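Welcome! Please take a look at the sequence and the 3D structure shown here before reading on.

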Amino acid sequence: MLHIDVGTGKTKIQTFDEAFAKAYIGGTGFGIKTLLDNQPAGVDPFDPQNPLIYALGAVNGTMVPCAASKFGVFAKSPASRLLGEAYSTGQWGAELRQAGYDIVIIKGKAEKPKYLWIDDESVQLMDASHLWGKSTWDTEEIIRKDLGDQYIRVSTIGQGGENLSALACLINDHFRAAGRTGLGAVMGSKNMKAVAVRGTHDVSVAEHEKLREFCRDLYERCKGPATSKYRTLGTPANVLSLNKQGALPTRNFREAMFEGADKISGEYLNEHYVVKIEACSACPMRCEHIASVPEGPFKGATARIEYEPTMAFGSSCGVDRLDAIIKAVELCNVYGVDAISTGMVVAFAMDCYESGLINAEDTGGLDLRFGNAEAMVEMVPKIALRKDIGAVLADGVKLASEKIGKGSEALACHIKGVELTGYDIRGLKTAALGYAVSRRGADHQRHGSYGPDLGGQVDRFKADKSRGRLVADAEDIYAIFDSMILCKFSRGIWKGYDDIANLYALVTGIPCTGAEMQLAGERINQLGRIYNIREGLTRADDTVPPRIMNDPIPRGVSKGARVTKEDMDILLDGYYEARGWTQQGVPKAEKLKDLGLSEYGAVVASKRA
Amino acid sequence: MVRHEFVTVDPDKCVGCRICEYTCSLEKEKTFNPTKSRIRVVRIYPTINASMTCRLCEDAPCVVACPRKALEQSKENGVILVNADKCNGCGWCIEACDFGAITLDPAKKVVAMCDLCNGEPKCVEWCPEEALELTTKDILSQKARFEAVKKLMEATQGQPKAEAKS
């Protein structure tokens, strides 16, 4: 564990013991635990005392499939003012493990722009004045040139992070982002531009022969039906399937089906734009669909295209042109802003424009109607550079709607200050609960609980208390994916907790059972809740946006669906019960005791009633 | 006649996953460490990926360049053998290699290159994309010849009725 204060330049190496490792596993477990223990309660996200934490999992730097390079980034989020957490992959995480670190905790604020250069044991703050104002891609290139090594890996902010946008992300390896909850702005607030890493150490495991044989099996599984979606069309396959189910966010949730879905589908993308498939470190699944625009006004634009940004800049903005979507995502990568949230913010601005709440004067002359692809693309730099209405939108839809006023709050689709993602949860009641209680705000990635809704295991239009257990169980296994850290695209290859516990033991040499792993998953989720309660979260924050609650889906198979206040209460009661929480959503003392978290009892005790 | 087999990559198939690096270092060093792998992946943004390793050149320039006679080319199969006692990591061989295929162990400061794992390279076995192949220059030229004729015929006569077998 490396601590660095970028104000003083002082570093400290701290080791952790087996008990810590096993209780929190890695990744999100380590991230939440170290954030809770290293950040003074209630500080502003841009306070130098808010640490920016990089955390690796147990299997980084090994040949375990889809896991060599996963890493998590944690801090108090400028978007939610609660737990900020985001994940990335590519190559950077493997490099940090080779350099010999599991956790890097960055505190303080540099006087002048700096970047952190971790070269095995050598840790230096380097001048970044020539990098300030530069794009993420230029920054990566310049650092590699300056330091004279093409294999150096760089996690960097763009202009979005420098300008303290709540949408700002951290980009590494050109196409990969720790995207959500505005963590790029936390780095920017420290006058820090990037973390560059080179590692040359061995990454040895407890049982390398057994691990190799286990990996042989895992690689076979990675080539099987559980991952075929990611290997063929990729996540954009969701466009048509969600459209059919009336769950494709369209025109800022005015609708849930998009008439232009065929033209932004995974099928269309692969036929016309995908030029290459690439892989992260040690991934036999290789899901990265690199798309390039061959002609027209956005010729040459290149980006890795996934479903979520396609939804955000496509159906959510009413845009049926993939060339514009690819360009918008490229600009998000270059300027260092989250492609999901940025797309959803543009959709919100279009909704405000069409509703007469903002006008062409605000937009710098752009005719910001739904479907205007050119205007949409132009909005990305405006947001990252805080130009015109972009100055307001850069803070996310929650703060933007508060500044715009005039009832625009009704159009602001966010949970806990984080923009909604690509499932219309009005007709997905289990997912609606998952979104409402997710510790990082609107989010499908902490629970994946659209699964039972879309898979037909439950009546997706009906709320009942049993969904609480479903969501809690899903969150627990997802917390283990996020702690090991295993790519969720590989989730179908894992045969439950025992399988993952076996992997953990082969790599670390620490004996571990499936039951212990499951308990760790619950412990990590409870700890996330404790952090959020400490920072001010209450039951009132576990909710869905006004549009989801008040405006029924207007047509299609999900016609009439919405999540009422009554629905929400039923869902929350069921979930709080399953979690062992009070009516106010606070963990009870006995629950904390069972999980070995009693030391945090005092943090939440006063919030229970 | 000695058949100099070596590992070659098809960049169209290579996805840059680096599994070859992991499996090489595990086989040779019993640990995971790409910097000790005898095969290294090059990625050039946005879409170029290729694994590079020793091509077992005839009259290998690395052997010629070594001032300490630490390198020797096997008469049997053409692999470059390193005498670790003689090698002092000076790097002349690395400069002489046109393919950047020589690895310098960052800890021991001794060079290493592909030894074909006794004729069954682990990288080829594990490559999930079948982008790596143990082959010879003769087979490579044969393939190129067949591909060229196929393309030429397609261009002049339209689609061939059956896929040419190469």
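Predicted model: local features only at pLDDT ≥ 70, side-chain atom pairs only at ≥ 80, totals over all residues.

Residues are numbered from 1 along each chain as its sequence is written, and chains are lettered from A and ligands numbered from 1 in the order in which they are written.

**Domains**

- Chain A is divided into domain 1 (2-198), domain 2 (213-404) and domain 3 (425-607); such bounds come from an automatic or database domain assignment.
- Between domain 2 and domain 3 of chain A, the C-alpha centres lie 26 Å apart.
- On the domain 2 side, 16 residues are in contact with 16 residues of domain 3 of chain A; contact is when the C-beta atoms of two residues, placed from the backbone, lie within 7 Å.
- Helix H7 (residues 208-222) of chain A gives the most to the side of domain 2 that touches domain 3, with four residues.
- That side of domain 2 of chain A divides into eleven nonpolar, three polar and two charged residues. Ala, Val, Leu, Ile, Met, Phe, Trp, Tyr, Cys and Pro count as nonpolar, Asp, Glu, Lys and Arg as charged, and the others, Gly among them, as polar.

**A buried strand**

- Helices (H or I, at least four residues) and strands (E, at least two) are DSSP runs, numbered from the N terminus.
- Five of the five residues of strand S6 (residues 103-107) of chain A are buried, so S6 is largely enclosed by the rest of the structure. Buried means that 20 or more other C-beta atoms, placed from the backbone, lie within 10 Å of a residue's own.
- One side of S6(A) carries Ile103(A), Ile105(A) and Lys107(A), and the other Val104(A) and Ile106(A).
- Strand S1 (residues 2-5) of chain A runs parallel to S6(A), joined by four bridges, and His3(A) stands opposite Ile105(A). Strands pair if DSSP finds at least two bridges between them.
- Strand S3 (residues 52-56) of chain A runs antiparallel to S6(A), also with four bridges; here Ile53(A) has Ile105(A) as its bridge partner.

**The open sheet**

- Six strands of chain A form an open sheet with mixed pairing, in the order S8-S7-S12-S9-S10-S11.
- Strands S8 (122-127) and S11 (176-178) of chain A stand at the edges, each with a single partner strand, so one side of each is left without a neighbour in the sheet.
- Strand S9 (residues 153-156) and strand S12 (residues 192-198) of chain A pair in the antiparallel sense over four bridges, with Thr156(A) opposite Ala194(A).

Conventions: Buried ≥ 20, exposed ≤ 12 C-beta atoms within 10 Å, placed from the backbone.
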